[in-house]
Protein chains: 2
Amino acid sequence: MHEVMENSAILNLTTPKSVVFYGASDKFGMGSVILTQLKALGFEGDIYLVHPKQTEVMGHRAWPSVSDLPETPDLAVVVLPAGLVGPTLDECGRKGVKSAIVVSGGFKETGPEGAAMEAELREIVRGHGMRMVGPNCLGVLNTHHKFSTNTLPYVGSPGYIGLVSQSGSFVTQMFGPLAQRDLGFSTAFSVGNEADVDLVDCLEYLGECPHTRVIAMYIEGIRRGREFVETARRVSAKKPIVAYYVGGSETGGRAGLSHTGAMAGPDRLYDGIFRQAGVIRAETIEEVFDFCQVLGSLPVPNGNRVVVLTDSGGPGAAAADACGRAGLDLPSLDPGTKERMADVFPVTGSLNNPVDLTFHRVPTAYVDEIPKAILADENADMLLMYLLAPVEVIAEAFRAMGMEHDEATAAAAKMNEDQAEAVSALSEKGKPVLGYTLRSLTDEPIKTMMKKGVIVLPGTRRPARALMALLTCRAYREKASARAGG
Amino acid sequence: MHEVMENSAILNLTTPKSVVFYGASDKFGMGSVILTQLKALGFEGDIYLVHPKQTEVMGHRAWPSVSDLPETPDLAVVVLPAGLVGPTLDECGRKGVKSAIVVSGGFKETGPEGAAMEAELREIVRGHGMRMVGPNCLGVLNTHHKFSTNTLPYVGSPGYIGLVSQSGSFVTQMFGPLAQRDLGFSTAFSVGNEADVDLVDCLEYLGECPHTRVIAMYIEGIRRGREFVETARRVSAKKPIVAYYVGGSETGGRAGLSHTGAMAGPDRLYDGIFRQAGVIRAETIEEVFDFCQVLGSLPVPNGNRVVVLTDSGGPGAAAADACGRAGLDLPSLDPGTKERMADVFPVTGSLNNPVDLTFHRVPTAYVDEIPKAILADENADMLLMYLLAPVEVIAEAFRAMGMEHDEATAAAAKMNEDQAEAVSALSEKGKPVLGYTLRSLTDEPIKTMMKKGVIVLPGTRRPARALMALLTCRAYREKASARAGG
């Protein structure tokens, strides 16, 4: 951990060495599920269960109270009925526990009575100098510390995406979709009602976190506007921040209000806040992770000129259209580049942009000679490549040429892997290379591409908008250096 | 076939009883691939191969010329070098063949010389009173007639989506993605350079085709504008038409020009044409099929008021936001409805819109009692339901309650199926019910939902915009009846 991290006010919340756990029982329930997941993730610290009656719970020793524990745990995890949370936190505070994750709901989100109880919680933790995430949340996941208070199993690998979310679902329910794309979280916060630790605290933390390359935010409403802008501006100068804000439409705002009680502001106001703060705005939850993936994996381009490479006219034209709509330019290639490609270029192909091969005269041309020539062209800032990866058809072609059935299958798979490696190596040129496909990202040939490190996004709109996010990132950085320089 | 269909000028092109095939050989190539796929699809008519030298090709008898055939085939399929196409069509015409699909490229799309050759083709076929699809196309797929001139295997079932496409890729490369969603084509046209049969002819045909419930179009440029509007207007009064137009942006327009030589017009002009013609415009190729699926499977709603049902706050708020942005309203429920639901509603839930259960007190409530109460509410025109389908977690819960491992797996799968059936039955209320998920549509529990007939779209933007497409369809129909009435 960096030195700055060691001073983080909420480090105990993300990297506890010991935990006191409230709410596990031998019956199925939220507490038991969270404890099961925490153990399944392989948490290496000590877990002390507290249970009012039993001396053993789920096969573990249970203690009657935190005051009976042989040491002072770093963190309390509380999954108890709302009415028991205050007294429990108070007891923890008296023992010297410095932080708490309160999963329990039944507070501000239920109305005035709950809000009063929540205010009490805040007073208790502040009185003891504690920091608290929640209530009404799924707490913290730190994949690099094997720590989680989530209800669903974390199925991916430790990753580079930090997340702060005002919805627990947008933490846990992303585990599967991210793993399918070989992406993973570094640390993810479900902040719930933000009675103490809020969006801004988590953003500050992720800004310093060495495992986090890019920060995602799901926002229904920002409480500390000025601090948010100041913090985000500082953080975004060195690490991209992507936000998905749903409070801006009338319908989204109303929904957020009854979900976590956060007050939303009009869309335009938030647009302004995000721009000032250097935050890249995503339109959907899928886009959040599209943007995080390209921002975390691809170099930032020098300009907005994209070359589309395709072997199919329609998908090429559709990508060109989507790029135009996203604000990207499609430059003409330098005559020298055209000459350089001419040797491996089929006569039916088009050397305009999209560069359309129509078919593959030389098997390596599409993934090697041609993209390399494009990337060497001074007119090209980025490359967007269509990936059909028709492995089944290639296998059939090999069979038609006389190969045995299994030999053809293996040869086609090998070709797929070789092509994936070739495309993956292209990004070394210092210009971003992005793949797009009309297939499902869960199709084997596309998965092979992704496993070899090729970034692939589905459709044409999502990849075009992801490339534009790289440019927005660049613009924010330039503004930040100008500020620093001035 | 309907009587009108029997009079269709292009019926021979879609339902030939016999075919003369040019361009198959014993070597791997476009002709051989297409013939292989035609046979693989199970075409039941006669196929006569013509080969200049061999008497047997790919294990079939081959004839030296069409004039030697024992009968006059309905259709010629031509996959020959460009220079041979004219003489071949002329010979077919003299034999009395009434239609042709010319797959061969090398015509207008390559420049002035090719354009001149293409004009000759047109003169030849018109001189013989023939109709021709192509050149530079993948021709026709009629799944209900087991007929195809496509290069990729058709992997789905015969379906209800008719397609006219100025890109062959947007026919063949959709086979996989559509099959994954249990969707299929009825008849799909790749029109290529449209030297004779064009978008308008195909639209006219699909308007009458009894297997086609909804028509999709991929458009790079429309040649016969007036006829397009007249035909589309007539067709859309009874059958929805969805179009994806890529020529509107500067970048898309340039790309289309070098792809099929079609001249694009500005975006706004096309917007106007589509509105006049009753054509629903899609923004991406995925959206084309989203729209087709809901238009072909769901009833048209009476108004734009959608109720979002969720068991997760974040996905609910995100859907509410997406609905608002798409132009839908989120009404409050009638107090009576709230009372009706109260019995099965958990105390932590929210009875606002989104209706958020937060968790399931009664297993059937989410798929039966609650959606039924919502659909009975006069304030609700449509229902948008979040489907997480956490089958793995449910299985784990069953195990925690003492079930054996496999028994729990089976019980959770059974629950998934029962829920799918319950949701599928909901649409009988005459109001559209659409599912949305943040999982991949290829995940087993979601596939189960879809196999039972539940329409599920991924994310929040796509389902919201698909519901809006239903409303656009309704608006167009109202305009059409007003016209008919006046």
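This is a predicted model: local features need pLDDT of at least 70, side-chain atom pairs count only at pLDDT 80 or more; totals for chains, interfaces and linings use all residues.
A network of salt bridges links A:Glu283, A:Glu287, A:Arg461 and A:Arg465 with B:Glu283, B:Glu287, B:Arg461 and B:Arg465. Side chains of opposite charge can pair when their charged atoms come close. Three further pairs, one in chain A and two in chain B, are set out below.

**A pair in chain A**

- The side chains of A:Lys238 and A:Glu208 meet in a salt bridge, with a distance of 3.5 Å from N to O.
- This pair links distant parts of the chain, 30 residues apart, since A:Lys238 lies in the loop between helix H9 (225-236) and strand E13 (241-245), while A:Glu208 belongs to helix H8 (residues 199-208).
- A:Lys238 has a relative accessibility of 48% and therefore counts as partly exposed, and A:Glu208, at 23% relative accessibility, also counts as partly exposed.

**A partly exposed pair in chain B**

- In chain B, a salt bridge joins B:Asp368 to B:Lys372, and the closest N and O atoms of the two residues are 2.7 Å apart.
- B:Asp368 is partly exposed because its relative accessible area is 25%, and B:Lys372 counts as partly exposed at a relative accessibility of 33%.

Key:
Residues are numbered from 1 along each chain as its sequence is written. Chains are lettered from A and ligands numbered from 1 in the order in which they are written. Side-chain values use heavy atoms; hydrogens and water are left out. A salt bridge is a side-chain nitrogen of Lys or Arg within 4 Å of a carboxyl oxygen of Asp or Glu. Helices (H or I, at least four residues) and strands (E, at least two) are DSSP runs, numbered from the N terminus. Buried means under 20% relative accessible area, exposed over 50%, partly exposed in between (1.4 Å probe, protein chains only).
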